[in-house]
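Good morning, colleagues. Please take a moment to look over the sequence and the structure on the screen, and I will then guide you through them.

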Amino acid sequence: WKLENGKLFVRYCKSGLVLRSLKGKTLNVTFPAAWLAEGGELSEGLDSLNLDVASADVYVDVPAIRSADVDSASGTIELHGSFRDVNADSASGSVTVVGSADKFDADTASGAVSLYGRFGSIEADTASGRVHMELTAQPSHVECDTASGSVTIGLPADISGFTLDVDTASGQVMGEDFATVGAKRHFVYG
């Protein structure tokens with residue numbers, strides 16, 4: 001590892017070195033408690049989290065962070081916490097976020113996208129993966145693009161309205177019974 005200009009770089013091994021005998025690997029990064037103020041909000045130090053992995057699974061659990069940007073070729077991405085912005089991209093792995101984000105954007109080729117909690121603006125694009133949302137608060141806008149994956153949305157009973165745009169070739173749109181006004185795959189609730 002190395003710390004350079006406020007960025008932490010971690011590599012599995014030196015460039016050009018191949019270790020064939022290792023069957024599995026786990027990287028645990030713990031952030032200093034001094035970076036957290038009362039109530040778990042970030043006071044200094046960690047403003048954003050940027051992770052690029054090839055075939056590793058990513059699990060992040062932070063109380064609060066301003067932005068998270070995670071890219072994975074084939075690993076699963078799972079984020080827990082409170083975020084302002086989340087951007088997650090995975091070719092064949094799934095993306096799951098538990099907590100909250102003001103703005104969420106995910107792209108997968110064949111992995112599922114799952115959200116649990118409070119989210120403001122949501123954009124989820126997947127070719128063959130499903131999109132599943134269990135929301136605890138009213139989103140402002142939801143946009144989902146799938147080729148063959150289904151879109152499922154669960155909402156609290158006390159919301160006043162939001163916009164849902166869904167573009168899917170063969171996937172289904174499923175949700176709780178909420179009255180919508182719209183045509184084709186553009187819906188306005190409330």
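This is a predicted model: local features need pLDDT of at least 70, side-chain atom pairs count only at pLDDT 80 or more; totals for chains, interfaces and linings use all residues.

Counted up, that gives 14 strands and 0 helices.

Let me turn to how some of the strands are arranged. Strand β3, residues 48–53, pairs with β4 in the parallel sense, over 6 bridges. Within that pairing, V53 stands opposite S72 of β4. Strands β4 and β5 also run parallel, and 12 bridges join them. Here Y59 has E78 in β5 as its bridge partner.

Which contacts are made across the chain? Of those with a separation of 6 or more, 5% are between residues 24 or more positions apart.

Next, the interior. Of the 190 residues in the protein, 36% are buried. The largest nonpolar core holds 34 residues, and those touching the most other members are L79, F83, V97, F104, F119, I122 and M133. Elements giving two or more residues to this core include β4 (58–72), β5 (77–90), β6 (95–108) and β7 (113–126). The most comes from β4, with 6 residues.

Thank you for your attention.

Note on methods:
Residues are numbered from 1 along each chain as its sequence is written. Side-chain values use heavy atoms; hydrogens and water are left out. Helices (H or I, at least four residues) and strands (E, at least two) are DSSP runs, numbered from the N terminus. Buried means under 20% relative accessible area, exposed over 50%, partly exposed in between (1.4 Å probe, protein chains only). Contact means heavy atoms within 4.5 Å. A nonpolar core is a set of buried Ala, Val, Leu, Ile, Met, Phe, Trp, Tyr and Cys residues joined through side-chain atoms within 4.5 Å. Two strands pair if DSSP finds at least two bridges between them.
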